[in-house]
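Please read the points below with the model open beside you.

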Amino acid sequence: MKKSLKMIFAALALTACAFGFAGCGDGGDNTDPDGNGGNTDITTPGGDTGKDDSVVFEAEYTYVDDLEGAGSSNAAKGKAMILSATNASNGHYIGFTHKKGLTITFEITSDKATTANLKVGLTPAEGMNAIKIGTDTFIVKVNDTKITYTEQNVVDNNTNMNKRQFKKYDIGTVNLKEGLNIITLTIGENEYVNGKSGGPSIDAIYLTSDAGLTWEPYEDNI
């Protein structure tokens, strides 16, 4: 009797499949019904918080031992300039950027000469709701070539730094050479902090290109 019931259930299951009912399957993958590979890129004005295909280089993994920075009312050196925040891309960022000439240096190797789109992950520094970045106030260089880019407002009104968003700000297309490339972010002359130079908190840089990009991060910084 039990064997007969099993045969009946099996026949019913085959009949259901023949009429295309759900659950039978055709060997395909139905986890991505819209066919876009699950990519949900979102670009927002004044900073991109969506996903993309860029390679991320974390600011906190750059060489920081020789850095001397300042906050609005205090100062810090080296690894003490690395702070934590939930929304930073790796949970950390470089603060204490209110100092003219302060430079964060990324050493990146490309497997060929190419162009790349460069974005910088930023948020206003502690005690600030907004700061403006532009070619002369927040200087970006690639292999010692100064990059001209559109002035942009870096804004976040959340008083809790741990809850602020580190949005990606577009610097534009840059040239990379085969081999070692030096990308620097430098606080330029401005009057954003009580008439003195100030900078945003720096999370990471993002490079999108057709090249293989690598570096040697200082992971023991954190």
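1. Leaving aside its neighbours within four places in sequence, which residues is T137 in contact with? They are K132, T186, I187, G188, E189, N190 and Y192. Note that the model is a predicted one.

2. T137 sits in the loop that links β8 (130–133) to β9. Its relative accessible area is 15%; the cut-off for a buried residue is under 20%, so T137 counts as buried. The T137 side chain also has a polar contact with the backbone nitrogen of G134, at 3.0 Å.

3. F138 belongs to strand β9. With a relative accessible area of 1%, F138 is buried. Beyond the neighbours within four places in sequence, F138 is in contact with V120, L122, I133, Y149, L185, T186, I187, G188, P200 and I202. T186, I187 and G188 are on this list, and they are also among the contacts of T137.

4. Strand β9 covers residues 138–142 and is joined to β10 by two bridges, the two strands running antiparallel. Across this pairing, V142 is opposite T145 of β10.

5. The sheet as a whole is open and has five strands, ordered β10-β9-β13-β6-β15, with antiparallel pairing. β10 (145–146) and β15 (213–214) each have a single partner strand, so one side of each has no neighbour in the sheet, and these two strands stand at the edges.

6. What is the make-up, by class, of the lining of the second largest pocket? It has six nonpolar, eight polar and one charged residues. This pocket holds about 180 Å³ of space. The lining comes to 15 residues, of which G71, S72, N74, F96 and E126 are nearest the centre.

Terms used: Residues are numbered from 1 along each chain as its sequence is written. This is a predicted model: local features need pLDDT of at least 70, side-chain atom pairs count only at pLDDT 80 or more; totals for chains, interfaces and linings use all residues. Side-chain values use heavy atoms; hydrogens and water are left out. Two strands pair if DSSP finds at least two bridges between them. Helices (H or I, at least four residues) and strands (E, at least two) are DSSP runs, numbered from the N terminus. On a 1 Å grid over the protein atoms alone, a cavity is a set of points where a 1.4 Å probe fits but cannot get out, and a pocket is an open set with protein on both sides within 12 Å along at least five of seven lines; lining residues have an atom within 4 Å of a point. Grid points are joined across faces, edges and corners, and a volume is the space filled by probe spheres set on the points. Ala, Val, Leu, Ile, Met, Phe, Trp, Tyr, Cys and Pro count as nonpolar, Asp, Glu, Lys and Arg as charged, and the others, Gly among them, as polar. Buried means under 20% relative accessible area, exposed over 50%, partly exposed in between (1.4 Å probe, protein chains only). A polar contact is a pair of N or O atoms within 3.5 Å; within protein, one must be able to donate a hydrogen and the other to accept it, and residues adjacent in sequence count only if both atoms are side-chain atoms. Contact means heavy atoms within 4.5 Å.
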